[in-house]
Amino acid sequence: ILAIEALGFIAKRHPISADSYLAARTFSLPCRFEVLVGESLPEGSKVKALILDGAHNYDGLASLIFSAKKHFPEEKLYFLGNFSKLKERPEMLDLLKPHFEHFFILDYPHPRLMPAKETLEYFPQNKSSLVSASEEELLKVLLTEDLEGGVLISCGSFFFQSWIRNSLEKTGR
């Protein structure tokens, strides 16, 4: 939207081609509220959608939650991810708690990330699970009956989003 507005502003003084407007309307950044549905998900997935987003700070998470609730106002939201050791983690986790039905904390091996077990401690035991970073575990989450019709939101790091993309490709999606 911002790109289209900028083109409109520039067009007041310079000619802008129709191709430029088309490019602005169809451009998207991978893992910025990237919504995967239907055939983009593994066969048998129970979720209505999987959102990949690189939100990894408080403002990014607040924006992500706002967008998710705007686009999926009736659906239950589920979280998949983990966080960097250096971020404002307690504030971010407090922001997440009231908006998600369940938290799947990804045990992804990266030296800058919080140990998954430590992140897990921030959430009630009955609303959180530890998920190892494997294609099989990701598939189990997507096939979980309890997520039927809900929206799984993966965020917390661009590392995750890359791993999830690669994992989905390996499962044939």
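**Salt bridges and contacts**

Tutor: In this predicted model, the side chains of lysine 97 and aspartate 94 form a salt bridge, at 3.7 Å from N to O.

Student: Is lysine 97 buried, partly exposed or exposed?

Tutor: Buried needs under 20% relative accessible area, and exposed needs over 50%. Lysine 97 has 29%, so the label is partly exposed.

Student: How many residues apart are arginine 32 and aspartate 53?

Tutor: Their side chains meet in a salt bridge, 4.0 Å from N to O. Arginine 32 sits in the loop between helix H2 (18-26) and strand E1 (34-36). Aspartate 53 sits in the loop between strand E2 (49-52) and helix H3 (58-71), and the separation is 21 residues.

Student: Is aspartate 53 buried or exposed?

Tutor: Arginine 32, its salt-bridge partner, is partly exposed at 41% relative accessibility. Aspartate 53 has 6%. The cut-off for buried is under 20%, so aspartate 53 is buried.

Student: What is the N to O distance between lysine 48 and glutamate 75?

Tutor: These side chains also meet in a salt bridge, with N to O at 2.5 Å.

Student: Why does that pair tie together separate parts of the sequence?

Tutor: Lysine 48 is in the loop between E1 and E2. Glutamate 75 is in the loop between H3 and strand E3 (77-81), so the parts joined are apart in sequence by 27 residues.

Student: Which side chain makes a polar contact with the side chain of lysine 46?

Tutor: Lysine 46 also lies in the loop between E1 and E2. Its contacts beyond four places in sequence include Leu142, Thr144 and Glu148. The polar contact, at 3.5 Å, is with glutamate 145.

Student: What separates the C-alpha atoms of lysine 46 and glutamate 148?

Tutor: Along the chain, the two are 102 residues apart. Their C-alpha atoms are separated by 4.5 Å.

Student: What is the relative accessible area of threonine 119?

Tutor: Threonine 119 lies in helix H5 (residues 116-120). Beyond four places in sequence, its contacts are Asn82, Phe83, Leu93, Ile105 and Met114. Threonine 119 is buried, and its relative accessible area is 0%.

Key. Residues numbered from 1 in each chain as written. Predicted model: local features only at pLDDT ≥ 70, side-chain atom pairs only at ≥ 80, totals over all residues. Heavy atoms only, no water. Helix = DSSP H or I, 4+ residues; strand = E, 2+ residues; numbered from the N terminus. Buried < 20%, exposed > 50% of the residue type's maximum accessible area, 1.4 Å probe, protein only. Contact = heavy atoms within 4.5 Å. Polar contact = N/O pair within 3.5 Å; in protein donor to acceptor, adjacent residues only side chain to side chain.
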